[in-house]
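Dear colleague,

Please find below the structure that I am handing over to you.

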Amino acid sequence: MEWAEKTDREWAEILSEDEFAVCRKKATEPPFTGKYTYCKDDGIYRCTCCSNELFSSRTKFDSGSGWPSFFEPVNKDSVKYETDVSYGMVRVEVMCARCGSHLGHVFEDGPGPTHNRFCINSISLNLDRDKKDHN
Ligand code: FE
């Protein structure tokens, strides 16, 4: 099936109200409220909407921002980017490459080796603790 072709109406039937607001309407969960902010468990974070593999626990770090933060996606093709000029800022939005779900934003103030900080809403993610990162 083509994830990107799903309508808002179809997504609204599958997702909770909060998931729909963030993933499909680009809302941001309040900082320090998401379930993965402080999570240190091993596994692969998948897309809430389509289960695409997005981030590895291996690349997660505590940014102090109140949102789960990663220095790179699990595969370079697992996410896509778009310039976001909302709220008077120029930011780079990060989306699931498969279904277009809004994940968060990426900033250039992260730790090595990439110096990127993927600042991601917990609600956009589902940690798969059975899936191990062998890198
Ligand atoms: Fe997705």
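**Salt bridges and the metal site**

Searching the whole structure gives 11 salt bridges, a salt bridge being a side-chain nitrogen of Lys or Arg within 4 Å of a carboxyl oxygen of Asp or Glu. Side chains of opposite charge can pair when their charged atoms come close. Please note that this is a predicted model, in which local features need pLDDT of at least 70 and side-chain atom pairs count only at pLDDT 80 or more, while totals for chains, interfaces and linings use all residues. Residues are numbered from 1 along each chain as its sequence is written, and side-chain values use heavy atoms, with hydrogens and water left out.

One of the salt bridges joins arginine 58 to aspartate 133, with 2.8 Å between the closest N and O atoms. Arginine 58 sits in the loop between strand S2 (53-56) and strand S3 (60-61), and aspartate 133 in the segment after strand S9 (125-128), so this pair ties together parts that are 75 residues apart in sequence. Strands here are DSSP runs (E, at least two residues), numbered from the N terminus. Arginine 58 is partly exposed at 40% relative accessibility, and aspartate 133 is partly exposed at 21%. In these terms, buried means under 20% relative accessible area, exposed over 50%, and partly exposed in between (1.4 Å probe, protein chains only).

A further salt bridge links aspartate 84 and arginine 91, at 3.5 Å from N to O. Aspartate 84 is buried, at 13%, and arginine 91 is buried as well, at 15%.

Arginine 117 and aspartate 109 also form a salt bridge, at 2.7 Å from N to O. Here arginine 117 is buried, with a relative accessible area of 13%, whereas aspartate 109 is partly exposed at 49%.

Which protein atoms are the donors of the iron ion? They are the SG atoms of Cys47, Cys50, Cys96 and Cys99, at 2.3 to 2.4 Å from the ion. Donors are N, O and S atoms within 2.8 Å of the metal (3.2 Å for Na, K and Ca); water is not among the atoms, so sites may look incomplete. The angles among the 4 donor atoms run from 100 to 114°, and the site is tetrahedral (four donors, all angles between 85 and 135 degrees). Along the chain, the donors have the spacing C-x2-C-x45-C-x2-C. Cysteine 47 and cysteine 50 are both buried.

Yours sincerely

Notes
Helix = DSSP H or I, 4+ residues; strand = E, 2+ residues; numbered from the N terminus. Tetrahedral: all angles 85-135°; square planar, octahedral: opposite > 155°, others 65-115°.
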